[in-house]
Amino acid sequence: MKSAVTVCLVPEARSGPFVFHGDLERACTRAAELGFDAIELFPPDAEAIDPRSLRQILHRNRLQLAAVGTGAGWVARKLSLTDPDPAVRHRAQQFAAALVDYAGAFGAPAILGSMQGRADGATTREQALAWIAEALEQLGPRAHAQGVPFLLEPLNRYESNLFNTLHQASLFTATLRTRNIRLLADLFHLNIEEASIPDALRTAGSGIGHVHLADSNRSAAGFGHTDLTAAVAALREIGYDGYLSAEVFPRPTAEEAATQAIRAFRTLTAAR
Ligand SMILES: [Mn+2]
């Protein structure tokens with residue numbers, strides 16, 4: 001398994017669960033010094049950072065790009081793939097597609113999290129899922145053309161009511177024509193929703209394409225009470241060899257969160 005740390009460049013998400021905020025260069029320098037393999041990026045959109053300059057910064061720091069989040073579409077622009085307005089859904093789709101292409105050029109997958117929206121008001125669950133399916137049938141093949149999967153992240157009940165567990169999301173992706181959707185297992189969300197985190201990971205198996213490593217309180221691994229040793233043991237059992245990406249609050253400081261995240265990563269993944 002490989003380590004990654006989150007870098008958020010979206011001003012509207014300054015209070016969000018990301019270790020580094022605002023300064024890409026500085027974040028990459030620090031991530032490299034601490035020994036992370038990669039960064040996970042949350043950009044304002046696909047145009048915000050010139051891919052050539054990102055490539056240079058990553059190269060200089062010997063970092064990979066683990067994944068790219070699309071959350072700014074929701075946080076900064078209120079774009080959702082399940083908005084009742086077809087024009088908004090279209091813009092949401094375009095926004096996500098551009099980030100699929102941007103990330104794909106770095107061999108990284110894009111993530112659908114908060115842009116999945118929720119079923120409420122006049123939007124039935126059935127309708128919302130049909131719209132998500134329509135979007136994924138385009139985003140899956142688009143990512144495939146870049147040689148990467150597309151990531152669907154189940155969220156806890158306070159953030160969405162579409163997919164709260166890995167199993168719900170697996171059942172849904174199994175109904176799609178595209179076979180290129182993988183699940184993002186966020187251990188913070190899993191801690192809220194799953195009866196057993198290790199069992200949920202084992203059941204999802206090869207369907208898992210990315211992991212957000214966070215403790216029960218969404219702080220760095222080891223700063224909460226989730227049994228992350230058991231979670232990582234389950235990931236090892238299913239042969240998961242992707243990223244454990246620290247998507248956590250910068251508590252007590254970004255520096256301490258990052259330091260704890262890499263220390264915990266090393267302990268959790270040490271050969272036993
Ligand atoms: Mn997450």
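## Cysteines

Cys28 is buried, its relative accessible area being 0%. This is a predicted model. Cys8 also counts as buried, at 1% relative accessibility.

The structure holds 0 disulfides. A disulfide would need two cysteine sulfur atoms within 2.5 Å. For Cys28, the closest cysteine sulfur is that of Cys8, 13 Å away, which is too far for a bond. Seen from Cys8, the closest cysteine sulfur is in Cys28, again at 13 Å and too far for a bond.

## Manganese site

Four residues supply the protein donors of the manganese ion: Glu153 through OE, Asp186 through OD, His212 through ND1 and Glu247 through OE. Along the sequence, the donor residues follow the spacing E-x32-D-x25-H-x34-E.

Glu153 belongs to the loop between β6 (150-152) and α6 (166-173), while Asp186 is in strand β7 (residues 181-186), so this pair ties together parts that are 33 residues apart in sequence. Both Glu153 and Asp186 are buried.

## Thr226

Thr226 is located in the loop that runs between β8 (208-212) and α9 (228-237). With a relative accessible area of 11%, Thr226 is buried; the cut-off for buried is under 20%.

The side chain of Thr226 reaches the backbone nitrogen of Ser216 at 3.1 Å. Apart from neighbours within four places in sequence, the residues in contact with Thr226 are Asn191, Ile197, Asp215 and Ser216.

Notes. Residues are numbered from 1 along each chain as its sequence is written. This is a predicted model: local features need pLDDT of at least 70, side-chain atom pairs count only at pLDDT 80 or more; totals for chains, interfaces and linings use all residues. Side-chain values use heavy atoms; hydrogens and water are left out. Donors are N, O and S atoms within 2.8 Å of the metal (3.2 Å for Na, K and Ca); water is not among the atoms, so sites may look incomplete. Helices (H or I, at least four residues) and strands (E, at least two) are DSSP runs, numbered from the N terminus. Buried means under 20% relative accessible area, exposed over 50%, partly exposed in between (1.4 Å probe, protein chains only). A polar contact is a pair of N or O atoms within 3.5 Å; within protein, one must be able to donate a hydrogen and the other to accept it, and residues adjacent in sequence count only if both atoms are side-chain atoms. Contact means heavy atoms within 4.5 Å.
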